[in-house]
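Thanks for coming, everyone. I'll walk you through a few spots in this model. Have a look at it first.

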Amino acid sequence: MRIGARPAFVGLSLLVVAATALALLTGPFPLGAGEIAAAVGRAVTGQPAADDTIDTVLFSVRLPRVAAALLVGAALSAAGTVY
Amino acid sequence: MSPDILGVSTGAGLGAALGIFLSLPVVAIQGFAFAGGLATVALVYAVAGAVRGHEPTLVLVLAGVVLGALAGACISLLKVLADPYDQLPAITFWLLGSLAGVQPGDIRSTAPLVLIGLLPLVLLRWRMNLMTLGDEEAASLGTDPRRLRLLFVAAATLMTASVVAISGVIGWVGLVMPHIARLLVGPNFDRLLPAAMLMGAGYMVIVDTLARSIAGTETPLSILTAFLGAPVFLWLLACGRRGW
């Protein structure tokens, strides 16, 4: 089942990106891809938030949660390879 | 292998249970959990170091099992003593793991610790390969197995304790992801570490997304990781005879 290192890493990276995108889109508050992109664009360029709710849900709820999931998963797996 | 083999997750659970029992603020509970995880592994190492004349890895694992069981018993005691209306559910859910209450500050405090723990693993990745040959072989090739083992365990424990402090106890990730990664990219630690980390990160994101969409309320993460991880591990055991 061993596949080459490069395809494996490319595939895994795509998986992580896809999972992150899916996670940001999922939740009780409806957030579309366009709204996410717009909010990120506004935050990056320093403009004031157009819609507070979107910004709160995205930056205070979903983004920390997804970032934490990435961090926790990576750390636990790294620790697991040592043992 | 599961990072909890030396009791870091159980020790962190004990720290958190104590923090919840004492009605401490969230930050203190996280700190207690972090300290509990580190203290348990330090104790395991101290106990294993006091035992002479046996295979060091075996002694370490046995000490970890025993002290982990002791920590588990202390957690059970705290559960009995805790207030059944709000402390006991809090302890139970902490032990099942959740990312529901994660704050941006949690990421800021945990990420540097994980990176610090990652640093020795990345810098010494070739020596990690040597360690799999066994202590005598590794020593004959110029490494110091005892010191390396201590360093690797310390690094892994730091990483595990710091994330368990913010997420609670999440099992079946450190156990299953490295094996699947090994099937994909082979046992060379140079590739295994990043592959396992990528896989674990993606897996955790998927599981967390499931946790908050599958049912009306938040499903604790350990429940999902166990239901997903246990069958995969059984499958790995069953057809793993071709070699890890």
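**A serine in a helix**

Start with Ser162(B): its side chain comes to 2.7 Å from the backbone oxygen of Leu158(B). Keep in mind that this is a predicted model. There is a second partner for that side chain. The backbone oxygen of Met159(B) lies 3.0 Å from the side chain of Ser162(B).

Where does Ser162(B) sit? Look in chain B, at helix H8, which covers residues 145-167.

Is Ser162(B) buried or exposed? Its relative accessibility is 2%, and under 20% means buried, so Ser162(B) is buried.

What does Ser162(B) touch, beyond its neighbours within four places in sequence? The contacts are Phe34(B), Thr110(B), Leu113(B) and Val114(B).

Now to the surface. A nonpolar patch there is formed by Leu15(A), Ile206(B), Leu210(B), Ile214(B) and Leu228(B). Together they have about 390 Å² of accessible area.

Take one member, Ile214(B). It belongs to the loop of chain B between helix H10 (189-213) and helix H11 (221-238). Its relative accessible area is 52%, and the cut-off for exposed is over 50%, so Ile214(B) counts as exposed.

Last topic: cysteines. Cys74(B) has a relative accessible area of 32%, which makes it partly exposed. Cys239(B) is partly exposed too, at 27%.

How many disulfides are there over all chains? The count is zero. A disulfide would need a pair of cysteine sulfur atoms within 2.5 Å.

That's my tour. Over to you.

Definitions and conventions. Residues numbered from 1 in each chain as written. Chains lettered and ligands numbered in written order. Predicted model: local features only at pLDDT ≥ 70, side-chain atom pairs only at ≥ 80, totals over all residues. Heavy atoms only, no water. Buried < 20%, exposed > 50% of the residue type's maximum accessible area, 1.4 Å probe, protein only. Helix = DSSP H or I, 4+ residues; strand = E, 2+ residues; numbered from the N terminus. Polar contact = N/O pair within 3.5 Å; in protein donor to acceptor, adjacent residues only side chain to side chain. Contact = heavy atoms within 4.5 Å. Patch = residues over 30% accessible without salt bridge, like charges linked within 9 Å, V, L, I, M, F, W, Y side chains within 5 Å. Areas by Shrake-Rupley, 256 points an atom, 1.4 Å probe, with all protein chains shown as cover. Salt bridge = Lys/Arg side-chain N within 4 Å of Asp/Glu carboxyl O.
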